[in-house]
Amino acid sequence: MINGPTRRSLFAGTLAGLALPTLTAEGAEAETAKKAGNLPSRPNIVVILADDLGWGEVGFQGQRLISTPHLDRLAAEGVQFETAYSGAPLCAPSRCALLTGLHAGHGTVRENPEGGEQHALTSADLTFAELLQLSGYRTACIGKWGFGPERAGNVSHPNQRGFDEFFGYITHKHAHQYFPKYLWHNNGKVRLDGRTYAPDLFRERAIDFIKQDSEEPFLLYFATILPHSPSQIPGDAGRYQHKPWTLANRRHAAQVSRLDSDIDALVRTLREAGIARNTLVLITSDNGPHREKGVTPELFNSNADFRGDKREVYEGGIRVPLVAWSPALKPRVVKEPVASWDVLPTLADLADVPVPAHLDGRSFRRALAGGSAPEHDHLVWNRPKKVQAIRRGDWKGVRFAPHISGAGPEGRVELYDLADDPGEQHDLAADRPDLAAELMALLDESIGPDPRLRYGLRTKLTGGQVVVTLYNGSKVPWRKVRLGLDGSRRARSRTVAQVEPGETVAVGFPVRGGERITARADFVAAGRAQVFRKSHGSRRLDA
């Protein structure tokens with residue numbers, strides 16, 4: 001049946017004993033990607049997300065007090081995005097934008113919990129991990145997830161949102177503990193002694209994941225908590241121990257350098273495993289630098305010449321480092337603006353997976369090979385009932401809600417020309433009220449409900465059969481569609497009609513009790529053959 005368009009409605013040896021399942025192989029000799037230089041088709045992908053790392057806290061962007069030699073080398077060897085933006089000036093909405101390809105005017109999570117219930121993703125969300133997992137990537141999320149609730153099996157859990165393996169913190173609040181009493185491994189808690197430094201566990205688990213012997217490509221989302229507050233490290237502050245700074249600043253610097261070393265350890269593992277050339281590493285941060293528990297970003301010039309820091313939508317709160325590295329890429333600097341919500345379409349593009357429709361993000365795959373970055377008509381940041389911002393070209397508008405940050409009962413609108421005033425020191429709203437009003441109207445139009453179509457493969461047990469449903473949430477028709485079952489009992493594939501964007505198709509297959517079932521969809525999209533697979537889950541089917 002075909003339906004019309006629908007709305008998206010310790011570990012032994014410090015973790016060495018935890019193994020991920022291996023999957024079948026893609027061809028060993030990947031063809032040269034047409035739009036991404038010498039990167040192979042369907043490369044391994046490592047997304048490294050730092051926590052509160054400022055734009056200016058790395059040497060390749062002018063940092064002089066904190067040492068980041070490994071990041072500096074990767075930036076020199078890779079593609080450096082000079083004008084990169086996070087999805088928000090604080091944690092949860094920024095991570096939502098990164099994972100889903102929607103800015104905080106459309107995404108499910110638009111604000112931090114702020115003492116209330118931890119915000120969550122929903123079954124309507126589609127992450128970059130779900131996309132790549134469907135197409136055969138083995139996937140892992142290691143570190144800080146940042147969405148709740150802290151409960152096994154819930155729809156917001158990383159295992160439900162595309163990650164084969166999860167090890168780390170589920171909630172925002174728990175991730176503030178550098179020496180936790182427990183961490184989550186998939187759906188269970190791993191008890192710790194409260195004296196083990198969590199970033200060290202994350203680094204070692206990530207290394208183990210990379211080393212696993214599998215011919216399938218992998219996606220590693222390495223979401224470390226460095227250098228988030230509190231400024232805690234094992235032992236003393238190392239090279240910064242005798243600097244004439246406060247204890248918090250010395251340890252913050254040590255955290256940034258430790259992040260640098262951890263990234264180097266992952267890259268060295270890729271090289272030693274002989275897979276660096278077949279791997280793309282993306283390194284960025286969730287927002288600008290913090291000034292919490294005694295850390296003073298002014299000491300380090302953490303924002304460079306930008307105004308503001310974490311929680312602010314001025315450039316200092318949302319400008320972040322972004323480096324793409326692979327031995328297959330040629331060094332270059334990209335000056336055009338890109339945003340974290342561009343990551344999902346980029347990864348889909350690199351994995352040769354149909355890009356979902358109605359995203360705010362645009363693929364920057366061409367920029368990796370020397371082309372231009374994607375053109376955005378405008379970029380949006382949204383903190384509901386607090387502050388919002390929009391950038392169109394070089395013009396940026398900022399709007400404060402009533403009684404926020406000194407605004408009066410009518411709120412306040414500011415306007416900046418980033419070409420002449422990147423530090424946002426000269427408010428031109430009074431000089432250009434027409435332009436300010438135009439940008440605010442565009443900002444209002446850009447904030448609303450989730451615009452995406454449902455996308456992917458689903459299974460449902462009903463009436464002695466498993467119903468396999470394919471949702472075309474992309475921009476192009478899916479042709480020659482065949483649905484079937486893999487697993488302990490293969491079901492003969494059934495050819496069904498072409499599925500247009502926004503349409504769904506479903507086929508039922510009889511099953512016996514106790515079977516483990518994996519749904520399969522074969523189709524052609526934009527001339528490229530696709531295979532999607534989706535396991536029914538760990539539970540057994542009972543007819």
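Analyst: Two strands pair if DSSP finds at least two bridges between them, strands (E, at least two residues) and helices (H or I, at least four) being DSSP runs numbered from the N terminus. Here strand E5 (residues 138-144) and strand E6 (residues 165-169) pair in the parallel sense over five bridges, and Ile142 has Phe167 in E6 as its bridge partner. This is a predicted model, in which local features need pLDDT of at least 70 and side-chain atom pairs count only at pLDDT 80 or more, while totals for chains, interfaces and linings use all residues. Residues are numbered from 1 along each chain as its sequence is written, and side-chain values use heavy atoms, with hydrogens and water left out.

User: Which strands does helix H8 touch where it packs on the sheet?

Analyst: Contact means heavy atoms within 4.5 Å, and angles, from 0 to 180 degrees, run between N-to-C directions of axes fitted to C-alpha atoms, for helices over the stretch in contact. Helix H8 (residues 343-350) touches strand E2 (44-50), strand E9 (218-223) and strand E10 (279-285), and its direction makes about 180 degrees with that of E10.

User: How many residues of strand E15 are buried?

Analyst: Buried means under 20% relative accessible area, with a 1.4 Å probe and protein chains only. In strand E15 (residues 387-392), five of its six residues are buried. E15 runs antiparallel to strand E14 (residues 379-383), joined by five bridges, with Trp381 opposite Ala389. E15 also pairs with strand E16 (residues 395-400) in the antiparallel sense over six bridges, and Gly393 takes a positive phi near 60 degrees in their hairpin.

How values were computed
Buried < 20%, exposed > 50% of the residue type's maximum accessible area, 1.4 Å probe, protein only.
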